[in-house]
Amino acid sequence: AVTGIKRMCGSIKAIMNLAMAEHGIEGRNPVSSIYMPDEVQEERQPIPLDAIRRIQRDCIAIDDEMRWLLAIISDTGMRLSEAAGLHRDDIILDFSIPYINLQPHSWRRLKTKGSARHIPLIGTSLWAAKRIHQYDSIYAFPRYCDGKICNANSASAALNKWMKKVIGDDFIVHGLRHSLRDRLRAVECPSDIIDAIGGCTSTAFGH
């Protein structure tokens with residue numbers, strides 16, 4: 001947002017300079033004195049493993065739709081919008097290794113072509129996937145997706161608020177995605193496999 005405002009002010013400044021020169025107006029361009037601070041990027045810190053385990057334990061204990069969403073992200077590294085927009089049929093349990101068939105839908109596009117992928121289900125994510133299959137809805141998270149729209153912003157606000165109560169103010173849901181990459185590196189998973197799981201087309205873990 002700040003970058004866009006800076007660009008707009010730059011254009012206005014140039015127009016004012018031209019107008020003042022054309023009409024012989026002396027003095028200082030008033031737009032030149034406008035101070036624009038540098039844009040501050042939100043830091044997305046990976047979440048420590050002990051905090052992730054705390055989140056997962058509470059998700060299992062509370063056992064509701066909102067906690068299933070957080071749980072399924074915790075061991076898959078999916079983007080929140082990817083998880084919130086899942087169809088029940090995207091979750092494949094009757095296979096030797098259960099997985100999510102992440103694909104675009106009319107109500108939720110994917111960030112890039114590389115975002116479409118198969119993601120293995122393990123740990124707490126597998127628990128959440130099984131609970132979703134026991135739920136009577138064709139959408140994995142009907143609270144946030146009704147087949148017309150996928151309200152990931154609403155999910156983000158609710159989950160971040162709850163996470164603050166559990167592990168403090170320093171982390172957000174997106175940190176789970178970065179944490180999974182760190183966890184995979186810790187077990188010496190090849191970088192191309194890490195990128196494939198994350199749906200990345202470069203060495204940078206996609207945001």
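S74 lies in helix α3 (residues 65-74), where helices (H or I, at least four residues) and strands (E, at least two) are DSSP runs numbered from the N terminus. The model is predicted, so that local features need pLDDT of at least 70 and side-chain atom pairs count only at pLDDT 80 or more, while totals for chains, interfaces and linings use all residues. Residues are numbered from 1 along each chain as its sequence is written, and side-chain values use heavy atoms, without hydrogens and water.

S74 counts as buried because its relative accessibility is 1% (buried: under 20% relative accessible area; exposed: over 50%; partly exposed: in between; 1.4 Å probe, protein chains only). Beyond its neighbours within four places in sequence, S74 is in contact with Q56, T124, S125, L176 and R183 (contact: heavy atoms within 4.5 Å).

The packing of α2 and α3 has an angle of about 145 degrees and an axis separation of 9 Å; axes are lines fitted to C-alpha atoms, for helices over the stretch in contact, and angles run from 0 to 180 degrees between N-to-C directions. In this pair, I55, Q56, D58, C59 and I62 of α2 meet R67, L70, A71 and S74 of α3.

The largest nonpolar core contains 47 residues, and L69, L70 and I72 have the most contacts inside it (a nonpolar core: buried Ala, Val, Leu, Ile, Met, Phe, Trp, Tyr and Cys residues joined through side-chain atoms within 4.5 Å). The largest contribution to this core, seven residues, comes from α3.
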